[in-house]
Amino acid sequence: MASRADSPGGASGVPPYRYTAALANDIERRWQDHWESADTFAVTNPGPDHPAPAGEKFYLMDMFPYPSGAGLHVGHPLGFIGTDVLGRFLRMSGRTVLHTMGFDAFGLPAEQYAVQTGTHPRTTTEANIARYRAQIRQLGLAHDQHRSVSTTDVDFYRWTQWIFLRIHGSWYDTEIGRARPITELEDELEKGIRGLPDGRDWSALSRPEQDRVLDDHRLAYLADAPVNWCPALGTVLSNEEVTADGRSERGNFPVFRRNLRQWMMRITAYADRLADDLDGVDWPDSVKTMQRNWIGRSQGAQVRFAVSGQDAQRSGAGPSTPPIEVFTTRPDTLFGATYLVLAPEHPLVDALTADAWPSPLTGEELDGRWTGGAASPTEAVAAYRRAVAQRSELERQEARDKTGVFTGAWATNPVNGEPLPVFVADYVLMGYGTGAIMAVPGQDQRDWDFATVFGLPIRRTVAPPEGFEGSGGQAYVGAGPAINSANDEISLDGLEVDAAKTAIVAWLAGKGTGEPVVQYKLRDWLFSRQRYWGEPFPVAYAADGETDGGPSIPRALPDGDLPVLLPDVEDYAPKSFAPDDRDSSPESPLARATDWVAFAEDLPSDPERGFAEYVRETNTMPQWAGSCWYYLRYLDPHNSERFVDPDVERYWLGPRAPGDPGGVDLYVGGVEHAVLHLLYSRFWHKVLFDLGYVTSSEPFRRLFNQGYVQAWAYTDARGVYVPAEEVVEDAASATGFTWNGEPVRQEYGKMGKSLRNVVTPDEMCEAYGADTFRLYEMSTGPMEASRPWSTRDVVGSHRFLQRVWRLVIDEETGELRVSDAEPDRDTLVALHRSIDGVRSDLPAMHYNTAVAKLIELANHLTKTYPAGGTPRAVVEPLVLLLSPLCPHVAEELWSRLGHPDTLAYEPFPEPDPSLLVEDSVEYPIQVNGKVRSRITVPAAAGEDDVRGAALGDPKVVELLAGAEPRKVIVVPGRLVNIVR
RNA sequence: GCCCCUGUAGACCAAUCGGCAGAGUCGAUGGAUUCAAAAUCCAUACAGUGUGGGUUCGAAUCCCACCGGGGGCACCA
């Protein structure tokens, strides 16, 4: 392990001008100061005073970090360094590169620290940001410092609130498939161009009624929705903040599903575009697939089953009971439906449930499995619903045995008039489709399982392949011709699945009992939290309620009221409750800032009221809000008039050609944001696009997921983690490793405090310098790969930089060692091969192979010029080639070589094509696929010459022993294979 | 359970279109240097590509099955 004691440069006897950690640190500080004072990496937006630069623009971005109190470990900067290397390369290739870094700084950790200590979250956040900035600065990243923003800056969240008002102020016009200002809807309703869905007359509605109609269309709206309520934390949580076993990710407290009035974002309006537009972006297929799965679009049909049957009069279903609407992706199997199932929470359950058990169709006793042993359906359903409500999410997921109960009601299959019993069962989810299904046990395994438990009939409607039935009882979900599917009017028999679907949906539509329908798994986005450290909503409610006594209508504050500042409060904690107090209600910390909450104003969004008393919305926005648009603010961070100037947006993000979505040229970050952040920001961007505020239809043209730096961790005999840096390799130990002489077991995992394996960039910079650290991170593998951290390997990167240094600088005198001699041809060939390789590796982010090529070149030079006098004509390109990876040492050498200016804008070396072609080529000669000999022929030799030379080779002649080869394959430039 | 990615020297990784398994790093071994150690430098060895089939003149690479590792989804009708 490297420690200060054995770090290079710390001991005596080291040549005075060797590239040691101490020297590296000195060089690095000087160049970092220089870049900052010279503003080397600032880019100016084109505008009236600044014409667009000649170089083609490139907008390069990292996913911005949350500045946690723990600071960075060596895993965090992997992506930052990778983008920096690319940015520096592109800059030297003549591109105009925009690259900066901001902070995603609202969020729970700072707030919880505030709750514990009373420190204002802003204080903690600013201290953490300062620490991050220092850690990032010492890595020498070529960022434009003037463009850095934090989501907690008032000048930033003011525009987050402004965008919220735009979303709140618009609706989705499904006819033209885009968002429009809500004022246009109001106008159309007023003029009668558009009618109300329920047929009411707009002008007959009271003003509050009209406002509620408009609110029902807004893209940001209040709704009573089932949300995850965590009494112990005192806040609602998003689905992703709840663990698989139904507890809070933070604190592991119980979470309850409760209907609460919360802010929602109508992301579902964009489901189709969010799915379809993935085709136009250059993203990893895995991320596209994850987004498509999350959106979960499926084509199917809605089918209506009339509630009736021979016992209709005895069931609870009166003549007015509406039909049961069912969603299915397999309408072709309708003839195989043998029962219906409703989710326990389905609104029709009460109306359907009969007072007494009907007699079964056959006249026999009703199956005991159907009744749950209850005296009546009412009792059975009530008991079942109670049992389901008691089950935790975990139990519901793990226990996949099918349970349910008969409602006593019957429905009619529209294709054949068969009566179908209606069940309630929790394997049907209220949250998807219509919350009701037609069960086809022959073609669906879940239905098969349920039918088996409850003794329900099973009828196949798709012919399974030969031998399928022999494999035991199960549903057949594959393709095949339809069977048993005909009535007097239509026959599906013999049709393949797709054709059968089309035919039956057309038939249903003709009968008015069904139609094609598209379903999504995507839900609207729960957008409010009962937290302090977030953006306040720019919204208020009439202090004395609505004039009609209905639910309060949220009133948008005018843009002129922005920013709505977070008030200071005494206590940052939301009101919390006993962990299992499921009936408690959230109360935001902002509610206690009574002076802030109450105000009086003449709100343009509430013209009827005039100057009146209002109370502010006391929820705050979720942490995702700022990250939805920060890439837009980087473009124009100091604009006080707009969130981004339209011309600036067009320059950096606009489409380049018809059909191009536009967006950030490269966005690099971890795959953990594959769905949420990337889906939410795409949604916001599309709203802004629809409203004409941006010209790009997607925020991120190209996405790249970098791998993770992981780390070894070690546990002792008790399974307790021991400090990884103190573990030594020990072949004598059964586990291969010991700690204090005790054998310890190695595991592989995330770097973190709990595994006691954290290594910080600060330690590495101190022990080796930032350039060594950068080089090591880039050389351990391709950007997309995860790899283990190994401190003891870092020295290899350091040795390489020492060798490069030694090529240029005399370690004893500090003088230049380069000469003006002409390099020999071998050296020129080596140089230009390296240039060629590095030029193709860097833009592909294959940094590990680029590093290998540089090492190869340096090794060649060390061997060729052992006594010094390395030709300047080779050294200078080498320094330039190295500079994107190790910018400080490269700048230092460049300067010592006599160049007064930074190399950040020096043209990147270009290869001389004439030096890349070989004079002669060595061909391996295979006989039957095995290498038996080698020949060297001129590079210009034709295929016939090569064949002739190969067949004339003495070893080949010997092996052939006079026999005529059956086949001779010549791969030009590669090899010759002779088949005997 | 379903889907995606991935298995190459002791470790991390290379290997254009299917064409000589090795670019590079660590470690190991030997040597130079040193009073000695560290640091530095030089040299050497080490796998036939997870397993089993197939296609091919030729497979790490393509196909099939299985095994191991990582990730996503999970009663979504």
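**Around the RNA**

Modeller: This is a predicted model, and in it the surface near RNA strand B draws at least two residues from each of strand E9 (324–328), strand E28 (787–788), helix H23 (794–808), helix H25 (847–864), strand E31 (920–927), strand E33 (967–971) and strand E34 (975–979).

Biologist: Which of the 47 residues around RNA strand B come nearest?

Modeller: Those that come nearest are Thr329, Arg446, Asp793, Arg934 and Asn977.

Biologist: What lies 2.8 Å from a phosphate oxygen of RNA strand B?

Modeller: That is a polar side-chain atom of Tyr432. There are also pairs with sugar or linking oxygens of the RNA: one such oxygen is 2.6 Å from an N or O atom in the side chain of Glu856, and for the side chain of Arg792 the distance to a sugar or linking oxygen is 3.5 Å.

Biologist: Back to E9, then: is it enclosed or open?

Modeller: E9 is largely enclosed by the rest of the structure, because four of its five residues are buried. Strand E8 (residues 298–308) runs antiparallel to E9 and is joined to it by five bridges, and within that pairing Gln302 has Phe327 of E9 as its bridge partner.

Biologist: Switching topic, what caps the N-terminal end of H19?

Modeller: Asp645 does, with a side-chain oxygen 2.9 Å from the backbone nitrogen of Asp647. H19 itself spans residues 646–653, and Val648, Glu649, Trp652 and Leu653 are its buried residues. Why these four share a side of H19 follows from their arc, which is only 100° around the axis. What covers them includes strand E1 (57–62), strand E2 (96–99), helix H18 (630–633) and helix H20 (676–690).

Biologist: Now Arg147: where is it found, and is it buried or exposed?

Modeller: Arg147 is in the loop between helix H4 (121–137) and helix H5 (154–168), and it counts as buried because its relative accessibility is 4%. Its side chain makes a polar contact of 3.0 Å with the side chain of Asn45. Leaving aside neighbours within four places in sequence, the contacts of Arg147 include Val43, Leu98, Tyr634 and Pro637.

Biologist: Last one: what order do the strands take in the open sheet of four strands?

Modeller: The order is E6-E5-E7-E15, with antiparallel pairing. Strand E6 (235–237) and strand E15 (525–526) stand at the edges with a single partner strand each, so one side of each has no neighbour in the sheet. E15 pairs with strand E7 (residues 256–265) over two bridges, and Trp525 in E15 is the bridge partner of Met265.

Notes: Residues numbered from 1 in each chain as written. Chains lettered and ligands numbered in written order. Predicted model: local features only at pLDDT ≥ 70, side-chain atom pairs only at ≥ 80, totals over all residues. Heavy atoms only, no water. Near = heavy atom within 4 Å. Polar contact = N/O pair within 3.5 Å; in protein donor to acceptor, adjacent residues only side chain to side chain. Buried < 20%, exposed > 50% of the residue type's maximum accessible area, 1.4 Å probe, protein only. Arc of directions from axis to C-beta. Contact = heavy atoms within 4.5 Å. Pairing = 2+ DSSP bridges.
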